[in-house]
Amino acid sequence: MKRMIPADRLGRPDSFITMSVEKMRAIRAEQGLTGVIVTLDEEALRTRLHTIYTGELQAMEAAGRTLFDFPEAPWEFQLEMARQVWDESRHTEIFVRLVEYMGATPGDYVETDLLWRCTLTDDPAARVAGINRGLEGLACDVFEHLIRIAQKNGDSIIERAVDYVLADEITHVRMGSKWMRKLTEGNPERLAAAQAFQEGLDTELNYRGRRRASEDISADDNSLVAIARESRLLAGFTEDEIQRLVQSARRSTAY
């Protein structure tokens, strides 16, 4: 088996359409859909849940690939990656059911390769920095946003299901924080490279103001995804790291 396989080699049913994020953005631009979603109506919510479902699929696949790609990694690291595969498989099942609960079917919406790009590094420290801290850090932000939407809509099913998954995501980010630092002990250059890989992904995931600083969002603004400061602190982010995300989010709205 090859390491770091491209997204178009992921196993999907024939009904699924997977494309690069560049192609997706080009299509949206052609349709005049270059801004952020400013309302989260029923159709937008279905799209969001389907996007998370495919993201959980890719997260499950990524944790499995990490086990295969780095057999020389410490045994404890491998055990925690195996546990994450199990967690992500449960998350996939949960979001399949939420997609169906909203009246959609897996494959109804396009899957992009954006999240799979978090795997494209041959260093396990950078891999967990990208997947666990970058991707799953974003998941904390998005899930808190969905919980807020569900509460506003009086939808206890989505609220409880997403809150259940959020608890797992916090442990995954914490695990990434631990191993990014543990695998780079005594090697500041390797740590800096892992952090730079994550920061590059954070910038990509942060595009066009889809995340905002918590203090930039009013109490009744449910349309934008805030940076989940409390969850990120619980997960091992430092205040300095969160502040860098805040500044990146504010810069992204200037374009």
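Is F16 buried or exposed? In this predicted model, where local features need pLDDT of at least 70, side-chain atom pairs count only at pLDDT 80 or more, and totals for chains, interfaces and linings use all residues, F16 is buried, with a relative accessible area of 12% (buried means under 20%, exposed over 50% and partly exposed in between, with a 1.4 Å probe and protein chains only). Residues are numbered from 1 along each chain as its sequence is written, and side-chain values use heavy atoms, with hydrogens and water left out.

The structure holds three aromatic pairs (rings of Phe, Tyr and Trp, the last by its six-membered ring, pair if their centres lie within 6.5 Å; planes under 30 degrees apart count as stacked, over 60 as edge-to-face and the rest as tilted). One of them joins F16 to Y53, and because the ring centres are 6.5 Å apart and the planes stand at 65°, this pair is edge-to-face. F16 lies in the segment before β1 (18-19) and Y53 in helix α2 (residues 42-69), so that 37 residues separate the two (helices, H or I, of at least four residues and strands, E, of at least two are DSSP runs, numbered from the N terminus). Y53 also counts as buried, at 7% relative accessibility.

Another pair is formed by F95 and F143, whose ring centres are 5.6 Å apart with planes at 25°, and which is therefore stacked. It links helix α3, which holds F95, to helix α4 (residues 124-153), which holds F143, across 48 residues, and both F95 and F143 are buried.
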